[in-house]
Amino acid sequence: MLEIIICIAAGYLFGCVSCGYIVGKLHHTDIRTLGSGNAGTTNVLRNFGAASAAVTFAGDLLKAVVPILLIRFAFDTQTDCYLLCLYCGLGVVLGHNYPFYLGFKGGKGIAVTSAVVMSAAHPVMIPIGLAIFLAAVILTRYVSVGSLLVAWYIPANTLVFHNQDADFIHMMIISLLFTAFAYFQHRENISRLIHGNENKLWKTKREKEVMGNEQG
């Protein structure tokens, strides 16, 4: 139990590093007062541009990967190492979404962050998880679709890479918790997707023309 607490606490501290908030402050603005009100990459992109979003995204990936690698190094010889990585990942996600020093109001990119956290337990899978996310976003132009799809990458990763000697049921429960939390965090996006008014990452020329005609 003490090891689990340590892993969650370590992950939470890393997760609390709000890269979107820091980038916003470099623009002399609290990113949470703009757009969706989240300190995530998508909101940074829409308000500060691609360069700032790239910095935010890279920072969020780094804060997810580093604590997992530290946990793997510290507990690599234990059969429940992957389970401890899951708990550390849970801490990262909680810190990312609820940083204590920002009034517990952080980002919402739980699917991307948690997928990378889980993939970091097996680094070779990181590019696959990112490829799934990017492909979904490029094909649909909805960031939320990529997030919701890649949320299932976590339990899938557990199915493939779990240690046969560890508690598989325990690991799957924690993995599915990430997926459920991702869908909860994106419940408003899901509603907008259903009703056809979710914001697209970019609009086609035709869509811009239609919008211009409607406004005219």
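Helix α4 (50-75) contributes the largest share of the lining of the largest pocket, namely six residues. The structure is a predicted model, in which local features require pLDDT of at least 70 and side-chain atom pairs pLDDT 80 or more, whereas totals for chains, interfaces and linings use all residues. Residues are numbered from 1 along each chain as its sequence is written, and side-chain values use heavy atoms, without hydrogens and water.

The volume of the largest pocket is about 780 Å³. A pocket is here an open set of points on a 1 Å grid over the protein atoms alone, where a 1.4 Å probe fits, with protein on both sides within 12 Å along at least five of seven lines; lining residues have an atom within 4 Å of a point. Of its 35 lining residues, Gly40, Thr41, Thr42, Asn43 and Val143 are the closest to the centre of the largest pocket. Its lining comprises 14 nonpolar, 15 polar and six charged residues.

The second largest pocket holds about 230 Å³ of space. Among the 13 residues lining the second largest pocket, Asn38, Gly107, Lys108, Gln185 and Arg187 are the closest to its centre. Helices α10 and α11 each supply at least two residues of this lining.

Helix α10 (residues 168-185) also packs with helix α5 (residues 81-97): their axes, lines fitted to C-alpha atoms over the stretch in contact, come within 9 Å and cross at roughly 20°. The two helices are therefore roughly parallel (angles under 35 degrees). Contacts (heavy atoms within 4.5 Å) involve residues including Leu86 and Leu90 in α5 and Ile174 and Phe178 in α10. By class, this contact has twelve nonpolar, five polar and no charged residues.

Methods. Axes fitted to C-alpha atoms, helices over the stretch in contact; angles between N-to-C directions. Helix = DSSP H or I, 4+ residues; strand = E, 2+ residues; numbered from the N terminus. Parallel < 35°, antiparallel > 145°, perpendicular 65-115°, else oblique. Nonpolar A, V, L, I, M, F, W, Y, C, P; charged D, E, K, R; others polar. Points joined across faces, edges and corners; volume = space filled by probe spheres on them.
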